[in-house]
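Hi there,

Here is the structure I promised to pass on to you. Have a look at it first, and then read my notes below.

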Amino acid sequence: MDKYTITQSQILEIASEFAGYMVEKSNLEQIVFEDTDGTLRYTEEAQDIFNYNYDYYLGIIESVLNIEDNVS
């Protein structure tokens with residue numbers, strides 16, 4: 001079987017995608033707000049959901065990939 005290599009940035013991106021999806025699927029009335037400089041940002045509650053899920057999915061990904069052997 002071929003062995004694939006995945007970079008640390010790819011792992012972080014995957015975890016971020018999963019976390020963002022969970023925020024989008026949450027039942028929050030408001031997910032983002034416009035900051036004073038015009039930047040769209042997550043609300044505090046949405047950011048909490050993102051952070052929780054990011055850590056959760058990152059842990060799963062690292063565990064499944066046995067990080068020490070497969071990340072370059």
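**What I found**

I61 is found in helix α2. Before going further, please keep in mind that this is a predicted model, in which local features need pLDDT of at least 70 and side-chain atom pairs count only at pLDDT 80 or more, while totals for chains, interfaces and linings use all residues. Residues are numbered from 1 along each chain as its sequence is written, and side-chain values use heavy atoms, with hydrogens and water left out.

Let's stay with I61 for a moment. I61 is buried, its relative accessible area being 12%. Here, buried means under 20% relative accessible area, exposed means over 50%, and partly exposed lies in between (1.4 Å probe, protein chains only). What does I61 touch, not counting residues up to four places away in sequence? The answer is I11, I14, A15 and F18, where contact means heavy atoms within 4.5 Å. I61 and I11 are 50 residues apart along the chain, and their C-alpha atoms are separated by 7.3 Å.

Not counting residues up to four places away in sequence, N53 touches A19 and M22. Y56 lies in helix α2 as well, but counts as partly exposed at 43% relative accessibility. From the C-alpha atom of Y56 to that of A15, 41 residues apart along the chain, the separation is 8.4 Å.

Now for the overall layout. The chain has three helices and two strands, and its pattern along the sequence is α-β-β-α-α. Helices (H or I, at least four residues) and strands (E, at least two) are DSSP runs, numbered from the N terminus. The chain has 72 residues, of which 25% count as buried. Among contacts between residues at least 6 apart in sequence, 61% join residues at least 24 apart.

How do α1 and α2 pack? Helix α1 (residues 8-24) and helix α2 (residues 44-65) pack at an angle of about 135°, and their axes are 8 Å apart. Axes are lines fitted to C-alpha atoms, for helices over the stretch in contact, and angles run from 0 to 180 degrees between N-to-C directions. The two helices are therefore oblique to each other: angles under 35 degrees count as roughly parallel, over 145 as roughly antiparallel, 65 to 115 as roughly perpendicular and the rest as oblique. Among the residues where they meet are I11, L12 and F18 in α1, and F50, Y57 and I61 in α2. The residues of this contact divide into 16 nonpolar, four polar and one charged. Ala, Val, Leu, Ile, Met, Phe, Trp, Tyr, Cys and Pro count as nonpolar, Asp, Glu, Lys and Arg as charged, and the others, Gly among them, as polar.

Finally, the structure holds one salt bridge, meaning a side-chain nitrogen of Lys or Arg within 4 Å of a carboxyl oxygen of Asp or Glu. R41 forms it with D35, and the closest N and O atoms are 2.6 Å apart. Side chains of opposite charge can pair when their charged atoms come close. R41 is partly exposed, with a relative accessible area of 37%, and D35 is also partly exposed, at 23%.

Enjoy exploring!
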